[in-house]
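Student: Hi! I have a protein chain open and would like to talk it through with you. Could you take a look with me?

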Amino acid sequence: MSAKAISEQTGKELLYKYICTSAALHNRFKYARVGCDTDWERLTQEHPWLLAERLVVKPDQLIKRRGKLGLVGIDLDLTGVKEWLKSHLMKETVVGKAKGLLKNFLIEPFVAHKQEEEFYVCIFATREGDHVLFHHEGGVDVGDVDAKAQRLLVGVDQKLESSALKSHLLSHVPDHKREVLASFLVGLFNFYEDLYFTYLEINPLVVTEDCVYVLDMAAKIDATADYVCKAKWGDVEFPPPFGREAYPEEAYIADLDAKSGASLKLTLINPSGRIWTMVAGGGASVVYSDTICDLGGVNELANYGEYSGAPSEQQTYDYAKTILSLMTREKHKDGKVLIIGGSIANFTNVAATFKGIVHAIKDYQGPLKEHEVTIFVRRGGPNYQEGLRVMGEVGKTTGIPIHVFGTETHMTAIVGMALGHRPIPNQPPVAAHTANFLLNSSTSVSVCAFAEEHLKKEFHTCVHDEVRERRSKATTLFSRHTKAIIWGMQTRAVQGMLDFDYVCSRDEPSVAAMVYPFTGDHKQKFYWGHKEILLPVYKNMGDAMKKHPEVDVLISFASLRSAFDSTMETMQYPQVKRAAFGNSSASKKPLTVGHGVFHSEQVGGIKPGCFKIGNTGGMLDNILASKLYRPGSVAYVSRSGGMSNELNNIISLTTDGVYEGVAIGGDRYPGSTFMDHVLRYQDTPGVKMIVVLGEIGGTEEYKICQGIKEGRITKPVVCWCIGTCATMFSSEVQFGHAGACANQASETAVAKNQALREAGAFVPKSFDELGDVIKTVYDDLVAKGIIVPAQEVPPPTVPMDYSWARELGLIRKPASFMTSICDERGQELIYAGMPITEVFKEEMGLGGVLGLLWFQRRLPRYACQFIEMCLMVTADHGPAVSGAHNTIVCARAGKDLISSLTSGLLTIGDRFGGALDAAAKQFSKAFDSGLLPMEFVNKMKKDGKLIMGIGHRVKSINNPDMRVQILKDFVKQHFPSTQLLDYALDVEKITTSKKPNLILNVDGLIGVSFVDLLRTCGGFTRDEADEFVEIGALNGIFVLGRSMGFIGHYLDQKRLKQGLYRHPWDDISYVLPEHMSM
């Protein structure tokens, strides 16, 4: 769920349009929007009530407590409204920490009423359900409604009943108004649910004797429900918070994000700032912003944003160039820094995404050097070594200071370097590629055998732990016998799970089957170590469950639109005890399946040595580097899926490794909570210490505080909540996770960190120190003998996939095909080096496109026109010619378009339509040989050969072919030289003197003219021109043109509904041999 604020006007428009209540709701749709460019005359024509009623005017820019701030004009006529606006419109105003211009105002009818007629109502969503708050005293001086208001919780999938409403909320309301209020509130709640609101506040709600008025309203909607509510919402605008302008660059990135399967976010905080960020991952982006603010850079932080979900090279380029363009518009006296950071990626090819960034840096190298920009890079994940190498190289070649670091450096260390708080170390050489972890050829068989035996002993111990855990209160999520079904055709994730199983020495794969509703039942090939295996894929989940009763885990990669339905289907099968969801649902309500649900966009869970969910833990190099193939002593739970890899890395560097790790996800209402897992870890003997990575938003961390205070949690808990920077910003910033937004002071990261510290948890001063605190706690447990580190042994090796090895550049293979005319791989289709947008921008037409695709040249305008004329004159020549005849017969036999067209095209050859190439070759050879036209004619006669392009069955010197005349006139007028055409016309004079129909026909004219074009347009060498004639390019003109006519004949026969063709007997001469008697 993503809660986004909407304007008061939008909220009221939806309310008035869709609320269903018996209460008399007055002033429906009576509001007028006013800005600096308002045409008052037109406004009064559209809203005549402005001239007749007393009015209220107020800013509509997501400003709270407008009445207290003196930002509401009350009981005015239209003239008074205009006067009031003169002192407020486009005036700079300070609201809290935010400073901004008042631009948008709302005018509504003034409602005269008494104080006792004002009420307060608020509905907001939580994980448990929707809370309805009501207070019988509303208005400007309502005060602390959380303390004063009556509260009613409406559970998930429950309805608000009028009786419960009256007894719990309306006890202080006068009897004569109770029924009206109850009807309105029930209607309001149903409206709130039907249109997927997450927050709706009306203060005051005025109820007179028989009428209801909605005076002031604030609302948020669940933006992920757009596909459900689009018909009712329309094109909803989400205005920026007061004090922050809406920039076109933000809209551009939002548009890119909407068109991409990846995540691209950008919020401009201070465009004049010197510190800019380009961070991969929602959780990581918050951590970097926190660290910048913690180190004193809050006033210089220019932007917040993130890119994740494996964006393409083009998408990354567009994102990077937008940021580089913004940061090089105005200079800063101290120069600027760009922090390109991120946690350790799960499956994104870091080198591939860095290509887009490198491309942007090269394009902006001039402005970057002019503005004295220094770039700091830290990244990990698949192929990150190559990405860092390329980034370092571009720094050397462009002269831009670029400092690159990998997983050996703490994630946020580059922030301290960029801000001058820590020295920039000499960069050690990094491995050339990611494959170093995978192909361990030096490991002897005996060492591998020892390792496998050692791991089996560890797993044997793990199994005993699981038995003990079953007897305890905690429930084990996964064991080395866990079996899962995967919903969705996620072959990469499945292969990653199987590779993890193999290095963990599991006896069998953890994936039993896959479910994919869009194909029939079949088998899918995967690797199990060195050998290939087949996993079943089912169309129906019921079949999969029936045939695999051992399965107790479902991992769903269902899309946002199908997540809810597939989840509800899963709940029909009691054998499923765990469910993990790879995409978020539009529903505001969490779902619970069995003992636990993980629900998020970047959900993850891993139990080293046993099981992992999908892409959790990344590729094998990271799994091996973070020692996730065997259990350690530290268990963690994190909000962020992307940051879980960073925790794996930190824990592996500072302790004996991870026992279990879970990422519950960044949704506002994840399927499971921090406390669910912390209590499991408390009751799990193998877990000796617990790490929690929380974030701004929600109150789950306070339950951990309570558990520590009450003695329910006794194991050491290291905890840090990210998002501490939010309280330092002057305006609200929506971070990458939907749930990373504080609705009250207690939900801020600062407040939660302080509460955890006071409760007895180990809380670092910043994320920068998280690893140090974990190490301190771990060392203390080792010193006390609570943790006894085991001897480290290498795991079994797994061969690298061919496709990944090729992507890393470790192997090469000749391509099966080569092409030089078109490239569809980028964001835009390219014809012979020209983007398709440029083709249309330059109005190149069909002739221009043919020039690009056939000749790899941008031909002159006259050449493009000539090509198009050739296509027009060759398009058709009636139904009697062999090609059209064949097409018609085939069409009348009931064949389809392609079959009929092919039938016609197969007749093209030397006798029909294929004379263009032959004519071009014959005339070119004669002309180039220096033969006079008469000598050429005599030679062809002597050799017994026809002159291709000469002669016509109907047309003659006395009945000229107008197609030939049109083309000839154009060529003579526009071509630089027509030597071969002139030669052919001289030949025509000789042949027509013998027989009038031996004219230069349309094939011959096109053939010789095309040779003149290729030789004289300036785009080809003589050899290139001759080669195009030799390889048959000119016949392609006839094939392409005549295809239009053949298709026309096919459609004509179908339209005329012509039946099967049978040739008449009287048009066939039957010549049979006479009967021969013996």
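Predicted model: local features only at pLDDT ≥ 70, side-chain atom pairs only at ≥ 80, totals over all residues.

Student: Noted. Is Thr 267 buried or exposed?

Tutor: Thr 267 counts as buried, because its relative accessibility is 12% and the cut-off for buried is under 20%.

Student: And what does Thr 267 touch, leaving out residues up to four places away in sequence?

Tutor: Its partners are Arg 244, Glu 250, Ala 302, Asn 303 and Tyr 304.

Student: I'd like another threonine to set beside that. Where is Thr 570 found?

Tutor: Thr 570 sits in helix H19, residues 563-570. With a relative accessibility of 1%, Thr 570 counts as buried. Apart from neighbours within four places in sequence, Thr 570 is in contact with Met 541, Leu 554 and Val 576.

Student: Let's zoom out. How many helices and strands does the chain have?

Tutor: There are 38 helices and 35 strands. The C-alpha trace spans about 115 × 95 × 80 Å along its principal axes.

Student: What share of the residues counts as buried?

Tutor: Of the 1078 residues in the chain, 55% count as buried. As for contacts with a separation of 6 or more, 72% of them are between residues 24 or more positions apart.

Student: Which domain does UniProt place at residues 2-233?

Tutor: The record, an unreviewed entry, gives "domain: ATP-citrate synthase ATP-grasp" for residues 2-233. In the model that span is 30% helix and 30% strand, and its end C-alpha atoms are 15 Å apart.

Student: And what does UniProt list for residues 244-420?

Tutor: There the unreviewed entry has "domain: ATP-citrate synthase citrate-binding". Residues 244-420 are 45% helix and 20% strand, with end C-alpha atoms 29 Å apart.

Student: Which residues does the "domain: CoA-binding" annotation cover?

Tutor: According to UniProt (unreviewed entry), "domain: CoA-binding" covers residues 480-577. That span is 29% helix and 29% strand, and its end C-alpha atoms lie 16 Å apart.

Student: Switching to helix packing. At what angle do H36 and H37 pack?

Tutor: The angle between H36 (residues 1002-1016) and H37 (residues 1022-1030) is about 150°, and their axes are 8 Å apart. That makes H36 roughly antiparallel to H37, as an angle over 145 degrees counts as roughly antiparallel. Their crossing is right-handed.

Student: Which residues make that contact?

Tutor: From H36 there are Val 1011, Leu 1014 and Arg 1015, while H37 brings in Arg 1022, Ala 1025, Asp 1026, Phe 1028 and Val 1029. Sorted by class, the contact of H36 with H37 has 5 nonpolar, no polar and 3 charged residues.

Student: What about H33 and H35: what are their angle and axis distance?

Tutor: H33 (residues 933-942) packs against H35 (residues 979-994) at about 60°, with the axes 9 Å apart. H33 and H35 are therefore oblique to each other. H33 passes H35 in a right-handed crossing.

Student: Which residues of H33 and H35 meet?

Tutor: On the H33 side you have Pro 933, Met 934, Phe 936 and Val 937, and they meet Tyr 983, Asp 986, Val 987, Ile 990, Thr 991 and Lys 994 of H35. The contact of H33 with H35 divides into 7 nonpolar, 1 polar and 2 charged residues.

Student: Last topic, the backbone. Which residues does a cis peptide bond join?

Tutor: The cis bond joins Asn 203 and Pro 204, with omega of about 5°. Pro 204 is located in strand E11, residues 197-207. For background, most peptide bonds are trans, and most residues other than glycine have a negative phi.

Student: On that note, what is the phi of Asp 75?

Tutor: Asp 75 has a positive phi of about 55°, although it is not a glycine. You'll find Asp 75 in strand E4, residues 73-76. At 34% relative accessibility, Asp 75 counts as partly exposed.

Student: And where is Ala 310 found?

Tutor: Ala 310 is in the loop between strand E16 (303-308) and helix H11 (313-327). Ala 310 also has a positive phi of about 55° without being a glycine. With a relative accessible area of 37%, Ala 310 is partly exposed.

Notes. Residues numbered from 1 in each chain as written. Heavy atoms only, no water. Axes fitted to C-alpha atoms, helices over the stretch in contact; angles between N-to-C directions. Helix = DSSP H or I, 4+ residues; strand = E, 2+ residues; numbered from the N terminus. Parallel < 35°, antiparallel > 145°, perpendicular 65-115°, else oblique. Left-handed = near helix turned anticlockwise from the far one by under 90°. Contact = heavy atoms within 4.5 Å. Nonpolar A, V, L, I, M, F, W, Y, C, P; charged D, E, K, R; others polar. Buried < 20%, exposed > 50% of the residue type's maximum accessible area, 1.4 Å probe, protein only. UniProt positions renumbered as here; feature names shortened; annotations may be inferred.
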